[in-house]
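Morning, everyone. Let me put the structure up, and then I'll walk through it.

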Amino acid sequence: MPPNQDDLHNSIRLRTYLFTTHASKRAAERLILSHEIEEAILSGEVIEDYPDDKYSPSCLILGYSQNKRALHIQVSYPPNVKIITVYEPSPNEWEANLKTRKTP
């Protein structure tokens, strides 16, 4: 079951979340700013749920920054919210709606 969206949004608004080392590196490599990640999470929706993820239950969110930049953000469930990774979805891997993975 996806995380409680209110709890997730509160963590983002209050900035009580953390970036994993991986997410920090990927955001820097991809020139994705932290405020864009926050905006995308707050405007976004859960498109995949990973309740049995290796380290902690998490989900993939599709959201948009205020500049209309589409982002996928994998985030762990509250109460210990962590940004796990972030990227711009590739049209080679995702359907036009950016919510559905293309089948090989």
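One convention before the tour: helices (H or I, at least four residues) and strands (E, at least two) are DSSP runs, numbered from the N terminus. This is a predicted model, where local features need pLDDT of at least 70, side-chain atom pairs count only at pLDDT 80 or more, and totals for chains, interfaces and linings use all residues. Residues are numbered from 1 along each chain as its sequence is written, and side-chain values use heavy atoms, with hydrogens and water left out.

Let's start with the sheet. Two strands pair here if DSSP finds at least two bridges between them. Five strands form an open sheet, in the order β1-β5-β4-β3-β2, with mixed pairing. β1 (18–19) and β2 (45–50) are at the edges. Each has a single partner strand, so one side of each has no neighbour in the sheet.

Now the antiparallel pairs. β3 pairs with β4 in the antiparallel sense, over seven bridges. Within that pair, S58 sits opposite S76 in β4, and L62 has H72 as its bridge partner. β4 and β5 also run antiparallel, joined by four bridges. There, I73 is opposite V86 in β5.

How covered is β4? Buried means under 20% relative accessible area, exposed over 50%, and partly exposed in between, with a 1.4 Å probe and protein chains only. By that cut-off, seven of the seven residues of β4 are buried. They point two ways. A70, H72, Q74 and S76 face one way, while L71, I73 and V75 face the other.

The largest one has 18 residues. I37, I41, I73, V75, I83 and V86 have the most contacts inside it. At least two core residues come from each of α1 (5–13), α2 (21–29), α3 (34–43), β3 (58–64), β4 (70–76) and β5 (82–87). There is also a second, separate core of seven residues, including I47, L62, A70 and W94.

Take V86 as a way in. Contact means heavy atoms within 4.5 Å. Leaving aside neighbours within four places in sequence, V86 contacts A23, R26, A27, R30, I32, I37, L71, H72 and I73.

On to the helices. Axes are lines fitted to C-alpha atoms, for helices over the stretch in contact, and angles run from 0 to 180 degrees between N-to-C directions. α2 lies across β1 and β5, at about 30° to β5. The axes of α1 and α3 come within 10 Å and cross at roughly 160°. That makes the two helices, α1 and α3, roughly antiparallel. On the cut-offs: angles under 35 degrees count as roughly parallel, over 145 as roughly antiparallel, 65 to 115 as roughly perpendicular, and the rest as oblique.

Which residues meet where α1 and α3 touch? From α1, L8, H9, I12 and R13; from α3, E38, I41 and L42. Within α3, E36, I37, E38, E39, A40 and I41 are buried. The buried residues of α3 pack against α1, β1, α2, β3, β4 and β5.

Now W94, from that second core. W94 sits in the segment after β5. At 2% relative accessibility, W94 counts as buried. Not counting residues up to four places away in sequence, W94 touches I47, E48, L60, H72, Y87, P89, K99, T100, R101 and K102. W94 and L62 are 32 residues apart along the chain, with their C-alpha atoms separated by 11 Å.

Last, the backbone. Most residues other than glycine have a negative phi, and most peptide bonds are trans. Here are the exceptions to look at. L31, in the loop between α2 and α3, has a positive phi of about 55°. At 66% relative accessibility, L31 counts as exposed. K68 is in the loop between β3 and β4, with a positive phi of about 70°. That loop is the turn of a hairpin, with five residues between β3 and β4. K68 counts as exposed too, at 68% relative accessibility.

From P78 to P79 the bond is cis, with omega near 15°. P79 is in the loop between β4 and β5, and a hairpin joins those strands through five residues.

Key
A nonpolar core is a set of buried Ala, Val, Leu, Ile, Met, Phe, Trp, Tyr and Cys residues joined through side-chain atoms within 4.5 Å.
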